[in-house]
Every structure is written in C-alpha cells, then in structure tokens.
Amino acid sequence: MCKMQRLVCVLAILSTVVAQKDLHYAPGHDGMVHLFEWKWNDIADECERFLSPMGFGGVQVSPIQENVVIGNRPWWERYQPISYKWDTRSGTPQEFENMVRRCNDVGVRIYVDVVFNHMSGNHDNARGTGGSTANTYDFSYPAVPYSRTDFHYPCEAKNYQDAGNVRNCELSGLHDLDQSKEWVKEKIVDFLNGAIDAGVAGFRVDAAKHMWPADLQIIYSRLKNLNTKFFPSNSRPFITQEVIDYGGEAVSKYEYNSFGTVTEFRHGMEISNALNGHNQLKWFVNWGEKWGLLPSGDALVFIDNHDTQRGNPSILTYKSSKKYKMGVAFMLGHSFGIPRIMSSYYFDHFDATPPQDSSGNLKSPIIKSDNTCDNGFVCEHRWRQIYNMVRFRNAVNNTGVNNWWDNGNNQIAFCRGNAGFIAFNNDNYDLKQTLYTCLEPGKYCDVISGNLENNKCTGKVVTVDQSKKAYIEILSSEDDGVLAIHREAKLN
C-alpha cells in the first residue's frame with residue numbers, strides 16, 4: 001500500500017511539472033509577445049484588433065504589483081515592489097481584470113511578469129504607484145506587511161561562483177526576501193493566486209536564479225489551478241523562470257527546468273553572433289540541445305528581451321532591423337523552443353523612460369494607417385516580417401525541421417514537414433538556387449516580402465513545380481534576408 005501511495009504521489013508531481021510547461025494557447029494560436037510597458041486597456045485593444053486575428057498565442061505583460069516611484073520614472077522602477085497591490089502605471093486592478101477577460105475571450109493568453117525575489121532598494125520617503133509607503137532603510141513594507149525578519153541578512157550578490165551568495169544576498173541593492181520563511185511564501189502564493197483568479201495563464205518569474213529551487217518548487221505547488229471560466233479543469237499555470245545562464249557559474253538553468261520552463265539566454269546570443277558574422281549559419285543544422293541549450297519544451301526562447309537589448313551590445317535589436325528580422329524569422333520558423341517576441345519602445349540609453357506625458361503617465365501607442373506604431377513605441381510585433389512568421393508558425397505547427405540545405409556558408413534553407421519552407425541569406429552575395437521545398441506544386445506568396453490578399457501576392461511569388469522544387473532568390477541588396485512560404489499562403 002505504501003509503495004502504491006508513493007507511486008501515485010510521484011506520478012501526481014510529474015503531471016504537475018509537465019502541466020506547468022503548458023502554455024494553454026487557444027487552437028490556431030502560437031507565439032508570445034512581450035508588450036513592454038503597455039497599459040492594460042491598450043493591451044486589451046491590441047488583443048482584439050491585432051493579436052487574435054494574426055494568431056498570436058499570448059502576451060507577457062509588465063509587472064502588476066505596486067512599485068516605488070523613482071525620479072524621472074525609469075523602466076526598472078517596475079522591478080522595485082513596495083506591495084502586492086495591483087496599482088501600477090499600466091492601470092488599476094479593475095482594468096487589469098478587464099484586460100485579462102477581453103484577451104481570453106479572443107483566444108489570447110496573459111502571462112504576468114512577477115517580482116518576488118526582492119522588494120525595493122533604499123529610497124528616501126519611499127512611496128508607491130498606489131500610494132503605499134515604506135521605510136526601506138528599516139526593511140519595513142507595511143502594505144504587505146513585511147518587516148526585517150522576512151529578509152535575508154543584507155549582503156551584496158557579487159560572487160557568481162557561490163550559489164549561496166547569489167541567492168541569499170541583494171541583487172543590485174534590492175532587499176532580498178527569504179522564501180524559506182512560511183510567512184513570505186504565504187504572501188507570494190496569495191499574490192499569484194489572485195492573478196490566477198483573474199484569469200491569467202501563467203507567469204514569468206523575475207530573478208528566479210536568485211532564489212533557491214526548493215523554495216520555488218513549494219511556491220508553485222501551492223498555486224491554484226487556472227480559472228475554469230477560461231481554461232479546462234485542472235489546468236496548471238504556465239511557469240517560465242528568469243535564469244541567466246551563459247555557462248561557467250555556480251547557478252545552472254538545469255536546476256530549474258524540472259518544475260517549469262526557463263528563459264534560454266544563449267538562444268538569442270548564438271543567433272545574434274551568427275547573424276553578426278561571428279559564426280556560420282550552416283552550423284545551425286543541429287540547432288537545439290547540441291548547442292548546450294535546454295530541451296526544447298523547457299526553453300523559453302527570444303532574440304532580445306527588455307534587459308539584453310539595453311545591456312548587451314552584441315544582441316540584435318530593432319536597431320539592426322534587417323538582421324533582427326532574420327533572427328526572429330529563424331526563431332519562429334524553427335521548431336526549437338517556446339518563442340517570445342519583444343515589442344519595445346524607442347530608447348537611446350539604458351535608463352530611458354517608457355513613452356510618458358509630462359505628469360509621468362504612460363502614453364498609448366498610436367496605430368498608423370500602415371498598421372505600424374507611433375508615439376514612442378516600436379511595436380516589432382506589427383512588422384509584417386514578424387507577424388507573418390507567427391502565421392507561418394501556426395501553419396506548420398506540430399512538424400519538425402527537415403530537408404536542410406546550406407551552401408557551406410551563410411545561406412541556409414529548411415522545410416517544416418510538408419507545410420512550410422524558409423530560406424536565409426546572410427552572405428554578402430546573392431542566393432539564387434533551385435531548392436526542394438517539400439510543398440505541393442503551385443504558386444505561393446512569400447510572406448516576408450508581402451501578404452496573400454484577394455488571391456494575389458503583394459510581394460514575391462514562388463512557383464513550386466511537380467517535383468516540389470522552386471527557384472529561390474534572395475539578393476544581398478534586398479531589404480530582407482529571408483523568404484518563407486507555407487501551405488496557407490498558396491494561390492488558388
């Protein structure tokens with residue numbers, strides 16, 4: 001009997017772990033977009049008017065908990081909590097709940113960036129976005145409430161060869177919570193369960209690397225199942241954990257992927273390296289775990305995120321638009337990992353504030369007649385070369401990478417089952433090749449250079465012959481270094 005109970009228990013834990021890697025995307029939807037520093041009402045509008053029609057799976061939203069108001073309002077103030085109230089520059093609790101409902105109603109899931117490794121750093125007369133106050137020098141946060149006994153003893157996290165220093169000391173002077181304390185765990189679980197009640201599909205856990213895996217596992221195990229108003233019974237919240245691991249440190253991403261997905265920072269680094277000319281695209285023939293990446297189902301992948309686009313000059317961003325679009329196309333076109341697209345605002349230095357008015361209120365993106373954004377927002381997710389690759393991804397879902405071709409250098413192509421074909425040219429000379437596409441004979445619209453509209457292509461037309469081959473041309477002088485066709489972009 002004891003053995004049988006143990007087996008049942010182990011199986012239950014395993015099923016919970018697998019469930020915490022399920023994104024709960026609606027049928028016909030794939031790909032997450034990080035709408036960085038958007039307001040809740042604007043995200044709800046974007047779900048309805050653009051993300052759902054284009055087949056996006058979900059949105060990562062900025063932190064929802066009240067944060068300390070800092071000076072001229074840098075983006076990173078959102079990562080300095082003062083309480084777990086849902087009052088931020090993005091909106092009120094009611095606006096947040098309304099956004100979650102509206103997005104779920106059109107099949108777009110919401111994932112919240114949650115900050116519970118720490119509270120704020122030290123600030124004179126600390127006041128939050130919702131009016132809460134704190135005596136940060138005394139570790140007193142009455143709006144939670146937390147007091148000095150809820151924190152690790154103050155020390156600086158600076159020795160990345162010592163896991164204890166990384167996890168028990170303060171990251172950038174932010175007061176480090178002790179998640180081994182029952183009271184702290186209770187407060188965190190209550191905060192997360194409130195968001196689950198509102199209908200979110202899961203969480204991005206900020207600074208997970210700076211918390212002990214055993215503590216996180218307990219916290220996740222105490223989370224409620226997802227709200228059955230929007231999700232099937234017994235659905236577990238999706239978890240992705242921020243663990244920056246390029247190798248060579250005491251804390252490893254592999255300590256966290258048994259109970260949730262993990263942010264795979266090497267993904268964007270390696271793709272950026274290659275497109276910047278420091279490696280050859282031909283080597284991506286075995287892209288994935290053989291490159292030292294996490295298993296595909298455990299890896300949340302991205303080209304850039306809100307940190308790396310500011311802090312890592314070797315990472316591709318919207319500022320190198322041709323190569324950036326190639327990187328995102330490779331991420332969305334390949335079968336490896338769980339992709340997240342960055343949607344930025346324009347910045348020219350690390351601390352640059354999000355688009356805001358003279359009173360410090362966040363601005364709304366303005367949607368232009370060509371469907372791109374303005375008012376300080378980049379909106380990479382509205383670039384045709386990116387949203388059409390989300391549609392490509394949906395068209396080739398549940399297929400693998402096959403029929404790889406390369407020129408021995410930086411021109412590559414591959415099929416996704418018999419549903420799609422994609423080619424890249426990162427050489428400084430033209431790609432002109434007749435290649436096997438795996439697709440049925442017919443005429444297809446290249447979804448990078450244009451759209452399929454009224455049974456016509458607004459960009460390149462690719463003709464697949466009876467042997468499933470097609471002449472593929474990507475000139476080095478073209479605006480885009482990619483060509484992609486799929487079964488849902490075929491002319492009748």
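A polar contact is a pair of N or O atoms within 3.5 Å; within protein, one must be able to donate a hydrogen and the other to accept it, and residues adjacent in sequence count only if both atoms are side-chain atoms. The model is predicted, so local features need pLDDT of at least 70 and side-chain atom pairs pLDDT 80 or more, while totals for chains, interfaces and linings use all residues. Residues are numbered from 1 along each chain as its sequence is written, and side-chain values use heavy atoms, with hydrogens and water left out.

**Exercise 1.** Describe how domain 1 and domain 2 meet, in terms of contact and buried area.

Solution. Begin with the bounds, which come from an automatic or database domain assignment: domain 1 is 8-396 and domain 2 is 401-486. Next, count contacts (heavy atoms within 4.5 Å): 26 residues of domain 1 touch 30 residues of domain 2. Finally, take the buried area (accessible area, 1.4 Å probe, that two parts lose on being put together, summed over both); it is about 2,300 Å², with 60% on carbon and sulfur atoms. Of the area that domain 1 buries against domain 2, Leu281, Lys322 and Phe392 supply 24%, more than any other three residues.

**Exercise 2.** Find the salt bridge and count the polar contacts between the two domains.

Solution. Apply the salt-bridge rule (a side-chain nitrogen of Lys or Arg within 4 Å of a carboxyl oxygen of Asp or Glu), which finds one across this interface. Lysine 325 pairs with aspartate 480 in a salt bridge, their closest N and O atoms being 3.5 Å apart.
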